[in-house]
Amino acid sequence: MDDSDPLALETALGQVGEETESRGAALIAFVKARVWVLSDRDPGADPESLKSAQLSLVSDGPNQKQAMLAVFSSAERAERFLKDHGGAPHVIPVEGPFAVLAVPAEAGILINPNQTPSFRIGPEAVIYLKDEMARARDRYGVVSQTP
């Protein structure tokens, strides 16, 4: 996948099937992507304020008790979700690693909730990703910056 291709995540999501390789490709594309979240704050001139912002959570489909961070592969998808379902009022672009690190404890990630294509990253996988990012940060310094 081309790191500079803004549609790489959409392409990977559209190719997800039952095989592990397609799911892995979607996960890698997500971590490399710029994605959009719904935030209670407009970081405007102070991107640091996003670190303490409340981001919109959704349920994991029929599992109403499982919190999932709502993440979108495009601003248009985020705006459509906000219009149809509500949530925090600001559509904010962030890097995939920032979204992972912003997930609350015991929550997962749902990319493009209530839309097709979508992708679920369960809480266990989020813990694994956070651990890997912490190791990368310790080895190389910065993993992700705020938008």
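**Arg 137**

I started at Arg 137, which is partly exposed, with a relative accessible area of 45%. I located Arg 137 in helix 5, which spans residues 123-140. I then looked up how far Arg 137 is from Trp 36: the two are 101 residues apart in sequence, and their C-alpha atoms are 23 Å apart in space.

**Confidence**

I note here that this is a predicted model. I looked up the mean pLDDT of the chain and found 88. I also found that 90% of the residues reach 70 or more. Where in the chain is confidence lowest, and where is it highest? It is lowest in helix 5, at a mean of 87, and highest in strand 5 (residues 108-111), at 97.

**Strand 1 and its partners**

I went on to strand 1, residues 34-39, and checked how covered it is. I found 5 of its 6 residues buried. Which strands pair with strand 1? One is strand 4 (residues 90-95), which pairs with strand 1 in the antiparallel sense over 6 bridges. Within that pairing, I noted Val 91 of strand 4 as the bridge partner of Leu 38. Another is strand 3 (residues 63-72), which is antiparallel to strand 1 and joined to it by 2 bridges. On that side I noted Val 37 opposite Val 71.

**Two buried serines**

I looked at Ser 39 next and placed it in strand 1. Is Ser 39 buried or exposed? Its relative accessible area is 0%, so Ser 39 counts as buried. I then asked what its side chain reaches, and found a polar atom of that side chain 2.9 Å from the backbone oxygen of Arg 41. Beyond its neighbours within four places in sequence, I listed contacts of Ser 39 with Leu 50, Ala 53, Gln 54, Leu 55, Ala 88, Pro 89, His 90 and Ile 92.

I took Ser 56 as a second case; it sits in the loop between strand 1 and strand 2. With a relative accessible area of 10%, Ser 56 is under the 20% limit and therefore counts as buried. Its side chain comes within reach of the backbone nitrogen of Ala 88, at 2.7 Å. Not counting residues up to four places away in sequence, I found Ser 56 touching Leu 38, Met 68, Leu 69, Ala 70, Gly 87 and Ala 88.

**Nonpolar cores**

In soluble globular proteins, nonpolar side chains tend to be buried together. I looked for such groups here. The largest nonpolar core has 28 residues. Which of them touch the most other members? I wrote down Phe 30, Val 35, Val 71, Val 94, Ile 109, Ile 111 and Ile 121. Apart from this core lies another, of 11 residues, including Trp 36, Leu 38, Met 68 and Phe 81.

**An aromatic pair**

I looked up how many aromatic pairs the structure holds, and found 1. Phe 72 and Phe 81 form it, with 5.3 Å centre to centre and 45° between the planes. This pair counts as tilted. I checked both residues for burial, and both Phe 72 and Phe 81 are buried.

**Backbone entries**

Most residues other than glycine have a negative phi, and most peptide bonds are trans. I searched for departures from this.

Glu 106 has a positive phi of about 70°. I placed Glu 106 in the loop between helix 4 and strand 5. Its relative accessibility is 71%, so Glu 106 counts as exposed.

Asn 114 also has a positive phi, of about 60°. It lies in the loop between strand 5 and strand 6. Asn 114 has a relative accessible area of 63% and therefore counts as exposed.

Where is there a cis peptide bond? I found one joining Thr 116 and Pro 117, with omega about 0°. Pro 117 is in the loop between strand 5 and strand 6, the loop where I had placed Asn 114.

Methods
Residues are numbered from 1 along each chain as its sequence is written. This is a predicted model: local features need pLDDT of at least 70, side-chain atom pairs count only at pLDDT 80 or more; totals for chains, interfaces and linings use all residues. Side-chain values use heavy atoms; hydrogens and water are left out. Buried means under 20% relative accessible area, exposed over 50%, partly exposed in between (1.4 Å probe, protein chains only). Helices (H or I, at least four residues) and strands (E, at least two) are DSSP runs, numbered from the N terminus. Two strands pair if DSSP finds at least two bridges between them. Rings of Phe, Tyr and Trp (its six-membered ring) pair if their centres lie within 6.5 Å; planes under 30 degrees apart count as stacked, over 60 as edge-to-face and the rest as tilted. pLDDT is the predictor's confidence in each residue, from 0 to 100. A polar contact is a pair of N or O atoms within 3.5 Å; within protein, one must be able to donate a hydrogen and the other to accept it, and residues adjacent in sequence count only if both atoms are side-chain atoms. Contact means heavy atoms within 4.5 Å. A nonpolar core is a set of buried Ala, Val, Leu, Ile, Met, Phe, Trp, Tyr and Cys residues joined through side-chain atoms within 4.5 Å.
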